[in-house]
Amino acid sequence: VKIQRLSTGIGGLDRATGGGVPFGSALLVAGAPGTGKTTFMLQMLMRCAASGVRCAYLAPFTEPIEGVLAAASTFRFMDREVFTRQVEFYDLADAIYRKEVDLEGLGRSLGESGVKLVVLDSVTALRHRADDLGYPSLLRGFIIGARRAGATVVMTSEMDEKVIAGTPESSFSDSMIIMQRTGSGMQKFRYLTILKMRSTKHTLNTLRYEITAEGLQVYPYLNSN
């Protein structure tokens, strides 16, 4: 059976995964601040938007969305007109700090409205409500609601491979990509690892990447020139 996929907009990563993220799955992109997770999200959103896919971008915006778009416009992949037409924005801060929140209902309503890609950047923000609302239940409900309505869910989290095992984020995800940095002095570089991806014969190689004016550029191997 041929698996439908959503392109990440990152050529090297699409090649490593056989065409992108399996449609209708949940992908977790984890890594420390500064590893390029939000750039990853924006690049995938832009690629899907340019293909006519309706998307939703949920984030606890600490600055007006105009500021986010202005920063993203520095990348050559960004087409502001197409992006704003195809991508719906939701300020997650309202959901985080409200006493009553139905994230499962939100995920379901997004999918039922025709949204095929839901980006949650980042799930770490939901942890602010872990004590009184139950973070695992919130996250699981959101993912289930969106997927049952036919949407693909992509999330970011500020965690590394050492602490991610056994977390709700990893338990509820079909696929996981870890973005990291290594090296010292002048010899520093970024690399990513595909820990798992449902229905995909993905590469087991560690992949080097760079953040350029074109966005994320992923190379075949860690030691690529």
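1. Arg-54 counts as partly exposed, because its relative accessibility is 32%. The model under review is predicted. Arg-54 takes part in a salt bridge with Glu-88. The closest N and O atoms of this pair are 2.1 Å apart. The two partners come from distant parts of the chain, 34 residues apart. Glu-88 sits in strand E5, residues 87-91. Arg-54 belongs to the loop that runs between helix H2 (37-50) and strand E4 (55-59). Glu-88 is also partly exposed, at a relative accessible area of 23%.

2. How many salt bridges does a search of the whole structure find? The count is six. Two further pairs are taken up in the next points.

3. Arg-147 pairs with Asp-174 in a salt bridge, and the closest N and O atoms lie 2.8 Å apart. Asp-174 counts as buried, because its value is 19% and the cut-off for buried is under 20%.

4. Arg-208 and Glu-210 also meet through their side chains in a salt bridge, at 2.7 Å from N to O. Arg-208 counts as buried, at 17% relative accessibility. Glu-210 is partly exposed, at 28%.

5. Next, the cysteines. Cys-48 counts as buried, at 3%. Cys-55 is buried as well, with a relative accessible area of 0%.

6. Two backbone features deserve a check. The peptide bond joining Asp-121 and Ser-122 is cis, with omega at about 10 degrees. Where does Ser-122 lie? Its place is the loop between strand E6 (117-120) and helix H7 (130-133). The other feature is at Ser-199. Phi is positive there, about 55 degrees, although Ser-199 is not a glycine. Ser-199 is in the loop between strand E9 (187-196) and strand E10 (207-212). Ser-199 counts as partly exposed, because its relative accessibility is 46%.

7. Leu-126 is found in the loop between E6 and H7. Leu-126 is buried, with a relative accessible area of 2%. Its C-alpha atom and that of Ala-93 are separated by 9.0 Å. Along the chain, Leu-126 and Ala-93 are 33 residues apart.

8. Thr-193 lies in strand E9. Thr-193 counts as buried, at 14% relative accessibility. Which residues does Thr-193 touch, leaving aside those up to four places away in sequence? They are Met-176, Ile-177, Ile-178, Gln-180 and Thr-206.

9. Strand E3 covers residues 26-31, and six of its six residues are buried, so the strand is largely enclosed by the rest of the structure. Ala-26, Leu-28 and Ala-30 point one way from E3. Leu-27, Val-29 and Gly-31 point the other way. Residues on both of these sides are buried.

10. Which strand pairs with E3, and in what sense? The partner is strand E7, residues 152-157, and the sense is parallel. The pairing runs over five bridges. Within this pairing, Val-29 stands opposite Thr-156 in E7.

Note on methods:
Residues are numbered from 1 along each chain as its sequence is written. This is a predicted model: local features need pLDDT of at least 70, side-chain atom pairs count only at pLDDT 80 or more; totals for chains, interfaces and linings use all residues. Side-chain values use heavy atoms; hydrogens and water are left out. Helices (H or I, at least four residues) and strands (E, at least two) are DSSP runs, numbered from the N terminus. Buried means under 20% relative accessible area, exposed over 50%, partly exposed in between (1.4 Å probe, protein chains only). Contact means heavy atoms within 4.5 Å. A salt bridge is a side-chain nitrogen of Lys or Arg within 4 Å of a carboxyl oxygen of Asp or Glu. Two strands pair if DSSP finds at least two bridges between them.
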